[in-house]
Amino acid sequence: MLVRRNMLMCMLLVLLGILMIMRGLGMVRVLQKTLPISGKAWAAAAAVLVCMLCITGCSSSGGSAAASGPTPSPEIITRSPSEKLASSFRDWIEFTLDYAKGAGGGSDRQIAILERAAQSGKISVSDYEQAWSNYKQCVVDKGQPEPQLDRYSNGLYQQRGLRGSERKAGAFYAASVPCHTAEVLYVTMVYNVQVDNPNLYADPYMQFVDCLHRAEAVPKSYTADDYRRERGTHEFSYDTRAPAVRSCEAASNMAVGYQDDPVQDLGW
């Protein structure tokens, strides 16, 4: 049975997604002074983050911190399938940098990484890995166990699924959520796109299927609508366990886990 793995992001994405939508029009007016990003693109970017929440879901079972089963969620925001995150990847970097420096709560370390990316046009592998190292150290400095990460075949990292008591999971979340925002959230927003979203699709389903096409995991005739239909029934026409597929899920912020995946045991 599938289990959702990004519980770490739930509380953050609720707040961040709502904030982005509520501030969307005002932020667009500010950003349009320096960046060629439309109001629709801002809404699309907000939709990506909110959709990340909808797809990952939040649930607990019987006092355990482990997630239990997929939670169907309606589409909160209607997006055009062809909507882009920005007019270019460099604009997406600058857009993310501006938000991280403003209301986003990015640390000086994370902002420095984004500023280097804005100059060079990409985030280096070493900077990406350093951001995750900073995240782990931040959590440890708050008195929690060092976070364990899963690494995908495309080089992306994600917090490993958790198991433990509600008390210990709550303490871990209280430390890890602000650390994730401060040290790695905005870097991943850029790096995930850099790695596996060359067409800058704002719709995560379009991004995911495009990634599957490039990985030759599905035929070219397979569409985002096919994925939506299969996701609704949990009966997929491709190998969901294939490393390339799971890498595409991670890049599209739609990673799922399985009962036999390794987890970080926080204890009881």
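# Close-up views of a predicted chain

**View 1. V177 sits in helix α7.** V177 is found in helix α7, which covers residues 166-183. Helices here are DSSP runs of H or I with at least four residues, strands are runs of E with at least two, and both are numbered from the N terminus. This is a predicted model, in which local features need a pLDDT of at least 70 and side-chain atom pairs count only at pLDDT 80 or more, while totals for chains, interfaces and linings use all residues. Residues are numbered from 1 along each chain as its sequence is written, and side-chain values use heavy atoms, with hydrogens and water left out. Is V177 buried or exposed? V177 is buried, because its relative accessible area is 9% (buried is under 20%, exposed over 50%, partly exposed in between, with a 1.4 Å probe and protein chains only). The C-alpha atoms of V177 and Y135 lie 9.7 Å apart, although 42 residues separate the two along the chain.

**View 2. The whole chain, for orientation.** The chain has 11 helices and six strands. Of its 268 residues, 56% are buried. A contact means heavy atoms within 4.5 Å. Among contacts between residues at least 6 apart in sequence, 74% join residues at least 24 apart. The average pLDDT, the predictor's confidence in each residue from 0 to 100, is 78 for the chain, and 69% of the residues score at least 70. Over residues 1-79 pLDDT stays under 50.

View 3. Helix α6 spans residues 125-141. Its 17 residues should span 24 Å at 1.5 Å a residue, and its end C-alpha atoms are 24 Å apart, so the two values agree (the expected span is 1.5 Å times one less than the number of residues). Which residues of α6 are buried? They are D127, Y128, A131, W132, N134, Y135, C138 and V139. These residues lie on the same side of α6, because they cover an arc of only 150 degrees around the axis (the arc is taken from the directions from the helix axis to the C-beta atoms). S126 and D141 are exposed on the other side of α6. The cover over the buried residues of α6 includes α5 (108-120), β2 (149-151), β3 (157-159), α7 and α8 (185-196). Just after α6, G143 has a positive phi of about 85 degrees.

**View 4. The salt bridge between D196 and R214.** A salt bridge is a side-chain nitrogen of Lys or Arg within 4 Å of a carboxyl oxygen of Asp or Glu. By this rule the count comes to 13 salt bridges. In the one between D196 and R214, the closest N and O atoms are 3.4 Å apart. This pair links distant parts of the chain, with D196 in helix α8 and R214 in helix α9 (residues 204-214), 18 residues apart. D196 counts as buried at 10% relative accessibility, whereas R214 is partly exposed at 37%.

**View 5. R228 and its two aspartate partners.** D203 forms a salt bridge with R228, with the closest N and O atoms 2.8 Å apart. D203 lies in the loop between α8 and α9 and R228 in helix α10 (residues 224-233), so the pair ties together parts 25 residues apart in sequence. D203 is buried, with a relative accessible area of 2%, while R228 is partly exposed at 28%. R228 also forms a salt bridge with D225, where the closest N and O atoms are 3.4 Å apart. Both D225 and R228 lie in helix α10, three residues apart, about one turn of the helix. D225 counts as exposed at 53% relative accessibility.
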